[in-house]
Amino acid sequence: MFKGLITESRNWDCATYMAWWDVVDVIGVDAYYQNVTWGTTVEEMVKQWSPILDDLGALSISRNKPLIFSEVGYCSGDCDRDHKPAPLDFQLHARHYEAIFQATADRKWFHGAFWWNWVSDPRSLAASDEDDCLTPQFKSAEDTLRLYYHSTLPKTPTPSGSSQCLGFGKCTA
């Protein structure tokens, strides 16, 4: 018999309409909110998260279930396979990650996030200064994750060499 926790992942726009949250242990929400103008500062982003998190908190409390972001992430630019991000794009990317940590910090019902996309073969990523993908790897956003998760391991150096995967240097987004 399975003894682990069960979750269901619902897109942000239909999570509150799920009729059977009572049969899972954890509410999962894919948090790619498309109808939000996030702003450019962490403070502006946290402010934009506030009503969203209030609604998700109400869902969590009404169902007596913790809630996670079963998927969340940001592009480090325009989410365009041919866009070469500027340094400001990477800074904005990192601020998005920081805003989630700050916005959820005191929400006891929130139990964490699964960040999209952490690739298993990092050699498949373009050089970090050309990578417009959703991954935080080898970018300022990774430093934000390391800070908030209190990482004690040294940062992995940017890989070199050829990928064993198809699509070298191209985003999946």
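**Aromatic pairs, core and salt bridges**

Buried here denotes under 20% relative accessible area, exposed over 50%, and partly exposed in between, computed with a 1.4 Å probe on protein chains only. The model is a predicted one, in which local features need pLDDT of at least 70 and side-chain atom pairs count only at pLDDT 80 or more, while totals for chains, interfaces and linings use all residues. Residues are numbered from 1 along each chain as its sequence is written, and side-chain values rest on heavy atoms, with hydrogens and water left out.

Let me stay with Tyr74 and turn to the aromatic rings. Rings of Phe, Tyr and Trp (for Trp, the six-membered ring) are paired if their centres lie within 6.5 Å; planes under 30 degrees apart are stacked, over 60 edge-to-face, and the rest tilted. By this rule there are eleven aromatic pairs. In one of them, Tyr74 and Tyr97 have ring centres 5.8 Å apart and planes at 75°, so the pair is edge-to-face. This pair links distant parts of the chain, 23 residues apart: Tyr74 belongs to the loop between strand E3 (67-72) and H2, and Tyr97 to helix H2. Helices (H or I, at least four residues) and strands (E, at least two) are DSSP runs, numbered from the N terminus.

Which accessibility class does Tyr97 fall into? At 0% relative accessibility, Tyr97 counts as buried. Its ring also pairs with that of Trp115, with centres 5.0 Å apart and planes at 35°, so this pair is tilted. Since Tyr97 lies in helix H2 and Trp115 in strand E4, the pair ties together parts that are 18 residues apart in sequence. Trp115 is buried, as is Tyr97. Elsewhere, one aromatic cluster is formed by Trp12, Tyr33, Trp38, Trp49, Phe69, Trp109 and Phe110.

I move to the nonpolar core, meaning a set of buried Ala, Val, Leu, Ile, Met, Phe, Trp, Tyr and Cys residues joined through side-chain atoms within 4.5 Å. In soluble globular proteins, nonpolar side chains tend to be buried together. The largest such core in this model has 34 residues, and Val29, Tyr33, Trp49, Leu56, Leu67, Phe69 and Trp115 have the most contacts inside it. Two or more residues come from each of strand E2 (26-30), H1, E3, H2, E4 and H3. Which element gives the most to this core? It is H1, with seven residues.

Trp49 illustrates the packing. Contact means heavy atoms within 4.5 Å. Leaving aside neighbours within four places in sequence, the contacts of Trp49 are Ala31, Tyr33, Trp38, Phe69, Tyr74, Ala99, Ile100 and Ala103.

H2 has 18 residues and spans 27 Å from its first C-alpha to its last, close to the expected 26 Å; the expectation is 1.5 Å times one less than the number of residues. Its buried residues include Phe90, His93, Ala94, Tyr97 and Phe101. Among the elements that cover the buried residues of H2 are H1, E3, E4 and H3.

Ser76 is buried at 0% relative accessibility. A polar contact of 2.9 Å joins the side chains of Ser76 and Lys139; the term covers a pair of N or O atoms within 3.5 Å, where, within protein, one must be able to donate a hydrogen and the other to accept it, and residues adjacent in sequence count only if both atoms are side-chain atoms. Beyond neighbours within four places in sequence, Ser76 also has contacts including Pro85, Asp89, Phe90 and His93.

Finally, the salt bridges, each a side-chain nitrogen of Lys or Arg within 4 Å of a carboxyl oxygen of Asp or Glu. How many does the structure hold? There are three.

Glu8 and Arg10 form one of them, with the closest N and O atoms 3.1 Å apart. Arg10 is partly exposed, at 26% relative accessibility. Arg107 and Asp54 form another, at 3.0 Å from N to O. Arg107 lies in the loop between helix H2 (87-104) and strand E4 (110-115) and Asp54 in helix H1 (residues 42-63), so the pair ties together parts that are 53 residues apart in sequence. Asp54 is partly exposed, at 43%. Asp143 and Lys155 also form a salt bridge, with a closest N to O distance of 2.7 Å. Asp143 is in helix H3 (residues 140-148) and Lys155 in the segment after H3, so this pair ties together parts twelve residues apart in sequence. Asp143 is partly exposed at 38% relative accessibility, and Lys155 is partly exposed at 35%.
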